[in-house]
Amino acid sequence: MFINITDSKEAANKGSSAGLVNYLEKENRIDHKQEPEYWFNGQQIRIEPYQVMRSIDDNVAKLGKDDAKFFLVNISPSQKEIRFLKEQYGEEGAKEQMKGFAVRVMDAYAKNFNRDGVNSNEDLLWFAKLENYRYYSYTDPEVKQGLKQRGERKEGEQMHVQVIVSRKDITNKIKLSPMNTSRGKNAAHSKKMGQFDRVAFKQSGESVFDRLFGFDRQLKDTMAYANVQKNGELSQREQLGILAEGASQNYESRSVANELAMGVAEGLFTSTAGMLSAAGKTAASFLEVMLEPMYTGGANIVPESEMEKKKRRKKKSQGQQISR
């Protein structure tokens, strides 16, 4: 699950929303459908583009000309997640389920601000559009290499939802910026702007999807895992590797592993001991739950990497004793 919030560069969000609304109507123009794909939110499912533009552009009280007026939230399930939805609900049913999922994501968006009076999607002014395809742009490697043409459809499952959400709440009184990174550290700023944790919001998309649809997400398919593999320290990647191997064969331990993976991704743990403490487990019980499925010899057998470490420590100790 990929969820991203776009600021001014692509969304051009310091002026009217007309350009973005028009751009997101592209599939209706290209496909010439007899029944267009309408905009929707938590209350309506057949919203016309002019209504979207008018509502967003009118909800800008006390915003300056250089202030962001709206943000673009991109909700993109993986191809595996899309296939899962289509298998469960069929082609058209999957689209309706994605729309319902988008409403739940916007609930999480609202709650993430931790602001009084902003508790669900109903407290926001937002409009979403389901899209079935993605198209190659000039920035894609395939276009640069001459393998694809700009504007050509990308292969595979590409269903996703684009959301335009106003900078101001539904009452046009409260400013809400997901670009605020205070995370509550600056009390005065957070009271005024809200404290938005983008990592937590993106992670919430996975959690909501899994709970809503009963999706059995493997640890290696989580955002936390990908984040650690890309940006984590070697020690974090090693810790996460142990978690992934243990959880891959033990469904009961998978939820624990996923929670710990989130902590590792956010840098909350500097050691395995820290992870064990957070999980409320001793080292022995943790190894029993997480590692036993990997080894037929029982809980006393440790991974090869640990055995090697012990051998090195033993050799080092023996060398010190001889030198004395």
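**View 1. Phe 209 is buried, at a relative accessible area of 0%.** Buried here means under 20% relative accessible area, with exposed over 50% and partly exposed in between (1.4 Å probe, protein chains only). Keep in mind that this is a predicted model, where local features need pLDDT of at least 70, side-chain atom pairs count only at pLDDT 80 or more, and totals for chains, interfaces and linings use all residues. Residues are numbered from 1 along each chain as its sequence is written, and side-chain values use heavy atoms, leaving out hydrogens and water.

**View 2. Phe 101 and Phe 209 meet edge-to-face.** Searching the whole structure turns up twelve aromatic pairs. In this one the ring centres are 5.4 Å apart and the planes sit at 90 degrees, so it counts as edge-to-face. Rings of Phe, Tyr and Trp (its six-membered ring) pair if their centres lie within 6.5 Å; planes under 30 degrees apart are stacked, over 60 edge-to-face, the rest tilted. Phe 101 belongs to helix 5 (residues 79-111) and Phe 209 to helix 8, 108 residues apart, so the pair links distant parts of the chain. Helices are DSSP runs (H or I, at least four residues), numbered from the N terminus. Phe 101 is also buried, at 0% relative accessibility.

**View 3. Both rings belong to one aromatic cluster.** Its members are Phe 84, Tyr 89, Phe 101, Phe 209, Phe 213 and Phe 215.

**View 4. Asp 210 sits in helix 8 (residues 198-213).** Asp 210 counts as buried because its relative accessibility is 17%. Leaving aside residues up to four places away in sequence, Asp 210 touches Phe 215 and Arg 217 (contact: heavy atoms within 4.5 Å).

How values were computed:
Helix = DSSP H or I, 4+ residues; strand = E, 2+ residues; numbered from the N terminus.
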